[in-house]
Amino acid sequence: MSSDIAIKVENLSKIYQIYDRPINRLKQSLLRGRRKYYREFTALNNVSFQIRKGETVGIIGRNGSGKSTLLQILAGTLTPTSGSVEVNGRVAALLELGSGFNPEFTGRENVYMNGAILGISKEEMDRRFNEIAEFADIGDFIDQPVKTYSSGMYVRLAFSIAINVDADILIVDEALAVGDIKFQIKCIDKMKEIKNKGTTILFVSHSGEQVKRFCDRAIWLQNGNVRHIGSSSEVVNQYEDSLQLEMLKDQQREVAASIERINKNEQETELNVDIIAKINSVTMDKIRIKTFEELVVYIKYTIFTNEVPNFLLGVAIYGNDRKYIFGPNTYLDKVNVPKTKGTHTVMYKIPKVPLLAGTYFVDAGIFTDGGLVCIDYKNDVCHFNVESDYFTEGLVHIEHEWRVVK
Ligand SMILES: Nc1ncnc2c1ncn2[C@@H]1O[C@H](COP(=O)(O)OP(=O)(O)OP(=O)(O)O)[C@@H](O)[C@H]1O
């Protein structure tokens, strides 16, 4: 393995054997392979990647996507079914709660035991002990058996050991979510310090923001497969978009069913009543854009009467929480659009969209009388995703400046 590579994973797979009943496990071990008493579940499927020394890499994915399985294999606490893992350097791992400590031993004893596992001598641990105890800040509990600890105390001590043993590679599995905010800040500061010292860090987090801020790159696992590897903001944005899209698909299924019902009613209305106009379609050139790129929406509508006086068209953009962001109309903008009989298409363009990463929804409506009377309105008729590099935070980019005044 090249000397600047810290971790090299090639075609790594982990298949768990799932026994529906405990007795089946026994039967399997007694009858050794003559019959299969288990189902197989692929938790990792042909995963390959490399991590350079000094890199901080975030691992993201939905529950059950294989993140913990991967970290456990990298930390050496789980064996893979196939594939290879090469780790260059000493690993300190902070895995799920409950691993790494003997519950009957005191905190102090566990500190020394963990040190021994990492190949650190007793004398060396004597030198480091105070720093570890101070960082964990669990007071007299350090001399109590670990089984009496709260989950918060447990994480404090485990984290304190992991970051005070000068490991080359630090592996952290979602542990920060357990500690209190003050401790989380302390840990992040310490991890930054370690990162600046050149330690390679692998980090599972459910917080996209945390990964964007802290990691250079990210790996997105989906059903045990690597869906994407890249810069952390790019991967997190794509992952979050996909979560939004899944939510959206559910919503759209519901909307499609209700549109079908409405269309049926409309057809009946068209047959019976003289409707004056309707929106035929709302489409977009691109549904995936970057911040400051152009957004184009086409609204096609039909007017059935000779003319609709004071006709106006509006397009509104909403956030995914149905927060109203922007909704101009042709009346307020003093723009003339066709209002006579026939089918017309109007383009609505935002030349430089200032929105930051996320999924946004478009409504379109046609009205008369300055918007007082609604002729037809399409709710959430289409959506688009904005991707942005991690250059600022919030919903939109607002021009601004900083100045030191004193
Ligand atoms: N010992 C096991 N036996 C059988 N299946 C397992 C075992 N450990 C994990 N799995 C399954 O493997 C899949 C991946 O689990 P893993 O814990 O790696 O996912 P994860 O991405 O870390 O999830 P989470 O975010 O919920 O912690 C899950 O479907 C889980 O149920």
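1. The shell around the ligand is made up of seven polar, four nonpolar and two charged residues. Please keep in mind as you read that this is a predicted model. In total, 13 residues surround the ligand, and the closest are Gly-64, Gly-66, Lys-67, Ser-68 and Thr-69.

2. Where does the shell come from? Strand S1 (5-18), strand S2 (39-52) and helix H2 (67-75) each contribute at least two of its residues. H2 gives the largest share, with three residues.

3. Thr-69 places a polar side-chain atom 2.5 Å from an oxygen atom of the ligand. For Asn-63, an N or O atom of the side chain is 3.3 Å from a ligand oxygen atom. Tyr-16 faces a nitrogen atom of the ligand instead, with 3.4 Å between that atom and an N or O atom of the Tyr-16 side chain. As for cover, the ligand taken alone exposes 630 Å², and the protein buries 61% of that.

4. Turning to the protein surface, you will find a nonpolar patch formed by Ile-23, Leu-26, Leu-30 and Leu-31. Together these four residues have about 360 Å² of accessible area.

5. Is Leu-30 buried or exposed? Leu-30 counts as exposed because its relative accessibility is 61%, and the cut-off for exposed is over 50%.

Notes. Residues numbered from 1 in each chain as written. Predicted model: local features only at pLDDT ≥ 70, side-chain atom pairs only at ≥ 80, totals over all residues. Heavy atoms only, no water. Patch = residues over 30% accessible without salt bridge, like charges linked within 9 Å, V, L, I, M, F, W, Y side chains within 5 Å. Areas by Shrake-Rupley, 256 points an atom, 1.4 Å probe, with all protein chains shown as cover. Salt bridge = Lys/Arg side-chain N within 4 Å of Asp/Glu carboxyl O. Buried < 20%, exposed > 50% of the residue type's maximum accessible area, 1.4 Å probe, protein only. Near = heavy atom within 4 Å. Polar contact = N/O pair within 3.5 Å; in protein donor to acceptor, adjacent residues only side chain to side chain. Helix = DSSP H or I, 4+ residues; strand = E, 2+ residues; numbered from the N terminus. Nonpolar A, V, L, I, M, F, W, Y, C, P; charged D, E, K, R; others polar.
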